[in-house]
Amino acid sequence: MRIYVAGRVGRYLRVRALIDDLRDAGHEITHDWTRNEGFCEDGHPLSTNDQSIPPDRQARIASDDITGCAAAELIVVIADEPLCGALIEIGVALANDVPVWICAPWRWTVFWSHPLVRILDSEAEVRWLLRETCREEIR
């Protein structure tokens, strides 16, 4: 299955761990934003403050993220406050009729009730569900 995993830059290690686990389980990650040009060779983000990344680089990063969302069959969101950019990724998914699994939502929003949204307790539940279900059952 083609999957995009969203979350806060400050939680990139959690997102990266889930990406690695899903890839190891045979899923295709449509875009691994935790290993893009916004990160140093040592694997850490250049900055959690977008203003320190040049605007042209920010534009490429945003474009790659949107392309990854649009190519996915499932978006998984590790929700921590504040969610920021992941809200855009959720919008891209819903606009493209892509199911969204949200792990541990930190506050309710009307979009959590959208028919394509499923609320989960943790990344462990994502791993379990993807082992136990087939593509047709994701929706």
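Reader: Which residue lies over the face of W101?

Author: This is a predicted model: local features need pLDDT of at least 70, side-chain atom pairs count only at pLDDT 80 or more, and totals for chains, interfaces and linings use all residues. Residues are numbered from 1 along each chain as its sequence is written, and side-chain values use heavy atoms, with hydrogens and water left out. A charge sits over a ring if NZ of Lys or CZ of Arg is within 6 Å of the ring centre and within 35 degrees of the ring normal. At 5.7 Å from the ring centre of W101, the residue is R118.

Reader: How many aromatic pairs does a search of the whole structure find?

Author: Rings of Phe, Tyr and Trp (its six-membered ring) pair if their centres lie within 6.5 Å. The search of the whole structure gives a count of zero.

Reader: What pattern does the protein chain follow along the sequence?

Author: Helices (H or I, at least four residues) and strands (E, at least two) are DSSP runs, numbered from the N terminus. The protein chain has five of each. Read along the sequence, the pattern is β-α-β-α-β-α-β-β-α-α.

Reader: What percentage of the 139 residues count as buried?

Author: Buried means under 20% relative accessible area, exposed over 50%, partly exposed in between (1.4 Å probe, protein chains only). For the protein chain, the buried share is 45%.

Reader: Which elements are included in what covers the buried residues of α3?

Author: Helix α3 spans residues 85–95, and its buried residues are A86, E89, I90, V92, A93 and L94. Contact means heavy atoms within 4.5 Å. The cover includes α2 (55–71) and the strands β1 (2–7), β3 (74–78), β4 (100–103) and β5 (117–120).

Reader: Is D97 buried or partly exposed?

Author: D97 lies in the loop between α3 and β4. Its phi is near 60 degrees, a positive value in a residue other than glycine. Most residues other than glycine have a negative phi. With a relative accessible area of 44%, D97 is partly exposed.

Reader: Where do the buried residues of α4 fall, seen down its axis?

Author: In α4 (residues 123–132), E123, V126, L129 and L130 are buried. The arc is that of the directions from the helix axis to the C-beta atoms. These residues fall within an arc of 120 degrees, so they line one face of the helix.

Reader: Which residue caps the N-terminal end of α4?

Author: A polar contact is a pair of N or O atoms within 3.5 Å; within protein, one must be able to donate a hydrogen and the other to accept it, and residues adjacent in sequence count only if both atoms are side-chain atoms. Here a side-chain oxygen lies 3.3 Å from the backbone nitrogen of A124. The cap is S122.

How values were computed:
Rings of Phe, Tyr and Trp (its six-membered ring) pair if their centres lie within 6.5 Å; planes under 30 degrees apart count as stacked, over 60 as edge-to-face and the rest as tilted.
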